[in-house]
Amino acid sequence: MNEGRIKFEQRVSKYSLDVVKFYSGLDKNPQVQVLGKQLLRSGTSVGANIFEARAASSKRDFINFYHHALKSANESCFWLKLITESGLVKNGLLDILSQESQELANILGASIRTMKAKSQKINWINGLFLN
């Protein structure tokens, strides 16, 4: 595994842990808990899918896990926006998590585009040699 991927996985792990810490510090208010649980599910799913990609059976499967991680990162952005705009939570970690969610979504989106482009190029080149 290359160094960039290791650093990315470490970053995603830290993000998932930060989401868990954020959730554990929330008030027991029912509305806050509902929003927090949604964030907990989507935020930890980002890391789970990135780590699951290690066991992908093909490049297509690997890209699929990254795509699921991207969807979870985008969903986390939504929940964090809702939590922020509701005014129900005042926590310094909220802004940090919001920024990190968006950055991870951007990285995942770019990674997916790159992987798909490389895959299409390889398929095109293979088609030249197989015909």
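This is a predicted model: local features need pLDDT of at least 70, side-chain atom pairs count only at pLDDT 80 or more; totals for chains, interfaces and linings use all residues.
The protein has 4 helices and 0 strands, and from the N terminus on its elements run α-α-α-α. Taken along the principal axes, the C-alpha atoms fill a box of roughly 65 × 25 × 20 Å.

Helix H1 (residues 3–24) packs against helix H2 (residues 30–52) at an angle of about 165 degrees, and their axes are 9 Å apart. Angles over 145 degrees count as roughly antiparallel, so H1 is roughly antiparallel to H2. The crossing of H1 with H2 is left-handed.

On the H1 side, the contact includes Phe8, Val12, Tyr15, Val19, Phe22 and Tyr23.

The largest pocket holds about 200 Å³ of space. Its lining consists of Asn2, Gly4, Arg5, Phe8, Phe62, Tyr66, Ile107, Ser111 and Met115. Two or more of these residues come from each of H1, helix H3 (59–86) and helix H4 (93–130).

The table sets out the residue classes of the two groups.

| Group | Nonpolar | Polar | Charged |
|---|---|---|---|
| Contact of H1 with H2 | 12 nonpolar residues | 7 polar residues | 2 charged residues |
| Lining of the largest pocket | 5 nonpolar residues | 3 polar residues | 1 charged residue |

Notes. Residues are numbered from 1 along each chain as its sequence is written. Side-chain values use heavy atoms; hydrogens and water are left out. Axes are lines fitted to C-alpha atoms, for helices over the stretch in contact, and angles run from 0 to 180 degrees between N-to-C directions. Angles under 35 degrees count as roughly parallel, over 145 as roughly antiparallel, 65 to 115 as roughly perpendicular and the rest as oblique. A crossing is left-handed if the near helix is turned anticlockwise from the far one by less than a right angle, and right-handed if clockwise. Contact means heavy atoms within 4.5 Å. Ala, Val, Leu, Ile, Met, Phe, Trp, Tyr, Cys and Pro count as nonpolar, Asp, Glu, Lys and Arg as charged, and the others, Gly among them, as polar. On a 1 Å grid over the protein atoms alone, a cavity is a set of points where a 1.4 Å probe fits but cannot get out, and a pocket is an open set with protein on both sides within 12 Å along at least five of seven lines; lining residues have an atom within 4 Å of a point. Grid points are joined across faces, edges and corners, and a volume is the space filled by probe spheres set on the points.
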